[in-house]
Amino acid sequence: MSIDAPQDIGQRFWRFHGGLSLRHWKQMSLQHGLEQAPLPAQLIVPIDQQIGTPAELTVSVGDTVLGGQALTRRTEAHHVNVHAPSSGRITAIEDRPVIHPRLDCQRCVVIDTDGEDHQTTLPAWDHWPEYNHEALRERLAEAGLAGLGGALFPTHLKLDRSTEQPTRLLIINGAECEPYIAADESLMRWRPEQVLLGAQILSRILDAEQCVIAIEDQMGEVENHLRQTLKALQIDNLAIIKVPTIYPEGGERQLIRVLTGDEVPAGGLPQDLGVVVQNVGTAAASYQAVVDGQPLISRVVSVTGRGVNHPVNLEARIGTPVWFLIEQAGGYTEQAARLVMGGPLMGISLPDDDRPVTKASNCLLTMIDTDIQPVAEEMPCIRCGKCSEVCPAALLPQQLLAQIRGNQLEEARALHLDACIECGCCDYVCPSQIPLTQTYRQAKHDLALSDLAQQQADRARDRHEFKEQRLAEQKARRRQRLESRREQPDNSKSDDIKAAIARAREKRQAAADQNCDATESQD
Amino acid sequence: MSTTVLLALIAVIVLIGALGAVLGFAASRLSSDVGPVVEQVNAILPQTQCGQCGYPGCLPYARAIVDEEVAFNQCPPGGETVIGELAELLGRDPLPLNPENGEVKPAMVAWIIEEDCIGCTKCIQDCPVDAIVGTAKMMHTVIAQECTGCELCLPPCPVDCIVMIPVNAQRQALTTVDILNVRLPA
């Protein structure tokens, strides 16, 4: 069932499959407001901060850079730039420990800051409606915008007007559903004008029929702030919709389902339905990038949990080490037991805190022993089916597990392993403590590796066959040339040479005859 | 015998003849020299074209497995995975890799030490996948993405300037696109 008229959005909600009702835990960091984190002595900026291959690095060790200066050059359409977050000198370009679901180290630009924080910006476009949508899109890529919800999907790719489907709905995603994370909520509370004006810019780039901001129904304060700002800015083409709080509602596909009743097809994109979802943080950063000309050099990070003394939301420069932000939040409490980037369900557990925050880091969560489910030994699957009840992608987690453990990756693919959004709901409810999401993540990686190997083998076979064919053709041509030479009388040599050859032959013959005669006469 | 039976018999005979002719024509004109089983075997083999199995390439080895029933455990680059898949396809019991053919090694690519290369073009001629570029008396180099790591370029090199190095870390650590299976709009 699909919506007919745009004004229907928000009139009724659809239900997505599964999901969990979880306690919010967001007030913990929100009571202290949104603070500016100071500048650390060293910034470590990973080069790969987007989906797809990163842009080409243009700086080298020893260079001095200004804050906001691009460290990369865009050579492909999907590239977004990475910028120096503050002024200083580049002291190293090397592999450093990073926050990444699979890799421990990645190539980083290490900048020793000079403390002056000299900034350079792109030209400020105060009168942004005068610029056309392509120029605005280009600006977002130049300014390094990638999905700040955590996926780092290049923002400008989602804003392509030339798709088959015209955009009927732009959803600004403020349904930050995972517990503890309050980065988006603090932006909407304390910088609502940036979020709303950013939404206007994104909406204009897309020429969207309708634009809504989706927030959770527990965010009463946020709604007030947004509505007041809407009134003050006299924006009337933007609706604020409160959606029921169910984890993982903030997932792109789940949110589209709740608001429109449509399902994004497996392997497809929301654009196929004429819907685009952008994160609240991305909207605010788009405003800064266009109106102030400010590239993406900082983001809001919630530093929270019962493992820090003073939970707070900080606007931190990209590349700030985790330990530095923990210090700003009053340092660890005595009970601090675990450090996670992200929320308790989808977060990445960090082995140490000497790693930089990236454009994807929305939360640093410190947990104490009682927060963590005691690590129990894994028990056999009892086929209770709870995992399939809560799976928001409507998959069959226990079947997937059986196939993957049996090394039947192709079977797992047939069960739509690709559609797993790694939300962790199945882990949460599993009574046997089976690490399901981790298994799926690993299996996806293994599948991608085997696909790559297959592609390479196909290429090698094609190239080998081509070479053999080429050699065979060469051989055939050579034989043909030889044969044709043998058949045809040789006309290439001049008559003089031919006569000389004939004379020489006669002479040789005569000599041979004489020799014969001589031997005969001796007898 | 009634005429109906006769007619039916004639019709059947004519049909047999016509269909036989069609099939015969198809068999002679549309046949490929690669049988479907050989193709399936070849699809499983890793296409390194290294010749460690004793045959000049993966396709000849595939033909030998199918036609001459040569043992299917002679492919070191494929390792256990390929042996397992072949065993399943052919309905035979899996065998351990024949140590005479070599051992399983991590993925490698050839690397030409450019200072030492004299430009003799011998390696180019022996590369099964045209992954080496260069010409006479000019320095050669390996296109790493195309190299299958077959090591066939090592023996002909008169100055031993080719070494095998582990596959580029970037080639093994996939980009996020591959992992998330996201489609990037063009």
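In this predicted model, the largest cavity is lined by 15 residues, and those nearest its centre are Leu187(A), Gly281(A), Ser298(A), Arg299(A) and Val300(A). Helices H4 and H8 and strand S12 (298-304) of chain A are the elements that each give two or more residues to this lining.

**The largest cavity**
- Its volume is about 140 Å³, and the count of cavities of 30 Å³ or more comes to eight.
- H8(A) provides the largest share of the lining, with four residues.
- Sorted by class, the lining holds seven nonpolar, four polar and four charged residues.

**Helix packing**
- Helix H4 (residues 183-190) of chain A packs against helix H8 (residues 280-292) of chain A at an angle of about 50 degrees, and their axes are 9 Å apart.
- H4(A) and H8(A) are therefore oblique to each other.
- On the H4(A) side, Asp184(A), Leu187(A) and Met188(A) meet Val280(A), Gly281(A) and Ala284(A) of H8(A).
- The residues of this contact comprise four nonpolar, one polar and one charged.

**Strand pairing**
- Four strands of chain A form an open sheet in the order S2-S7-S6-S4, with antiparallel pairing.
- Strands S2 (42-46) and S4 (64-65) of chain A stand at the edges with a single partner strand each, so one side of each has no neighbour in the sheet.
- Two bridges join S4(A) to strand S6 (residues 88-97) of chain A in the antiparallel sense.
- Opposite Thr64(A) stands Arg89(A) in S6(A).

How values were computed. Residues numbered from 1 in each chain as written. Chains lettered and ligands numbered in written order. Predicted model: local features only at pLDDT ≥ 70, side-chain atom pairs only at ≥ 80, totals over all residues. Heavy atoms only, no water. Axes fitted to C-alpha atoms, helices over the stretch in contact; angles between N-to-C directions. Parallel < 35°, antiparallel > 145°, perpendicular 65-115°, else oblique. Contact = heavy atoms within 4.5 Å. Nonpolar A, V, L, I, M, F, W, Y, C, P; charged D, E, K, R; others polar. Pairing = 2+ DSSP bridges. 1 Å grid on protein atoms, 1.4 Å probe; cavity = no way out; pocket = protein on both sides within 12 Å on 5 of 7 lines; lining within 4 Å. Points joined across faces, edges and corners; volume = space filled by probe spheres on them.
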